[in-house]
Amino acid sequence: MSNTHVMTSFPRALHQPVALGALIDRVKSPAELRGDTTVSITAVAPLNRAVQGCFAFCRHESERGIEAIGNCNASVIVISPQMDVQPKPGQCLIRVSDPRGWFIDALRVLFPETATAGIDATARVGKTASVASNVRIGPYCVVEDGAVIGAECQIGAGTYVGSAVTLGKNVRVQTHTTLGGEGLSFHQRPDGSEVTFPHLGRLLIGDDVWVGSQSSLMRGILDDTLVGSGSVIGNNVNIGHNCRLGSGCFLSSGTVLTGGAVIGDLARLAAGVFVASHIEIGSGAWIGIGTVIYKHVAPNARLFGNPPRSIPGMRRF
């Protein structure tokens, strides 16, 4: 059943119009322009909601993409050079090899970040915590004594940063996340009683890492938990004690790494992936949505399902 009225905040208006030429100069990436290069941008929107004055992009090169552009009245559209389409009167097409990436770069120009540094009055920061310059710590955060927070980090509201945590530069943590908590590790004695293993290691996070909301990254036990620089961790992700996450990795929402799992550089794990304890996933591997990994994964493998099966033609996600 189609809706006759759909609530939407798009087109999203700019604070003031931006001339296309000025945007091109600030993005500073190669682009071929076709059509009216004098247009101004007043708003942004997806193709199916764009009207005159809007800035949009098309990531598809198929007939479907060409049809979508033909039905769109946006003033500026970023497209692939392979698309055989002509601009309408008063319209400009920006042809680039990576339309989505170019569009993202342009959005950062059109909607610059406005976050300011500082510690919210409701946050609690330990006296011996080391907090570098230009750090933002949001409302109701807790940063324990001994934590180290690098320059230009942003810590979202309600986040807990434990005493055994070190954050590199420009780490961004969303709301209500736990960094450096203690995971579950029990030892059963001969008499059947259980005792928890003390966590003595740290959680070490490199530079330029993104951590989503309501995620939990545990400190190590007799080793450190490591997150490599440039990695992206989604919402509701669990990274257990002693895990090692390489550089440039991508973990989508709901992923679970149990204790001691090792993820190689540039690996990509889709939503809901489960990785068993002490399993290694090789560099560059892609693991599809909901996959359960209980055996070591070779570098650059493409796996999906339970049990996992090879999907060599898996598309990037």
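# Salt bridges, a pocket and backbone features

Biologist: Which residue forms a salt bridge with E113?

Modeller: A salt bridge is a side-chain nitrogen of Lys or Arg within 4 Å of a carboxyl oxygen of Asp or Glu. In the bridge of E113, the closest N and O atoms are 2.7 Å apart. The partner is R172.

Biologist: How many residues apart in sequence are the parts that E113 and R172 tie together?

Modeller: E113 lies in the loop between α3 and β7 (118–119), whereas R172 lies in strand β16 (residues 172–173). Helices (H or I, at least four residues) and strands (E, at least two) are DSSP runs, numbered from the N terminus. The pair therefore ties together parts whose separation in sequence is 59 residues.

Biologist: What kind of model is this?

Modeller: Residues are numbered from 1 along each chain as its sequence is written, and side-chain values use heavy atoms, leaving out hydrogens and water. Local features need pLDDT of at least 70, side-chain atom pairs count only at pLDDT 80 or more, and totals for chains, interfaces and linings use all residues, since the model is predicted.

Biologist: Is R95, the salt-bridge partner of E32, buried or exposed?

Modeller: The side chains of E32 and R95 meet at 3.6 Å, N to O. E32 lies in strand β2 (residues 32–35) and R95 in strand β6 (residues 92–95), so parts 63 residues apart in sequence are tied together. Buried means under 20% relative accessible area, exposed over 50%, and partly exposed in between (1.4 Å probe, protein chains only). At 36% E32 counts as partly exposed, whereas R95, at 9%, counts as buried.

Biologist: Which residue is linked with E32 and R95 in a network of salt bridges?

Modeller: A search of the whole structure finds 5 salt bridges. The network links E32 and R95 with R34.

Biologist: What is the volume of the largest pocket?

Modeller: A pocket is an open set of points on a 1 Å grid over the protein atoms alone, where a 1.4 Å probe fits, with protein on both sides within 12 Å along at least five of seven lines. Grid points are joined across faces, edges and corners, and the space filled by probe spheres set on them gives the volume. For the largest pocket this is about 350 Å³.

Biologist: Which helix gives the largest share of the lining of the largest pocket?

Modeller: Lining residues have an atom within 4 Å of a point, and they include E113, R172 and W210. By class there are 5 nonpolar (Ala, Val, Leu, Ile, Met, Phe, Trp, Tyr, Cys and Pro), 4 charged (Asp, Glu, Lys and Arg) and 2 polar residues (the others, Gly among them). The largest share, 3 residues, comes from helix α3.

Biologist: What is the phi of N134?

Modeller: N134 sits in the loop between β9 (130–131) and β10 (136–137). With a relative accessible area of 52%, N134 is exposed. Its phi, a positive value in a residue other than glycine, is near 60 degrees.
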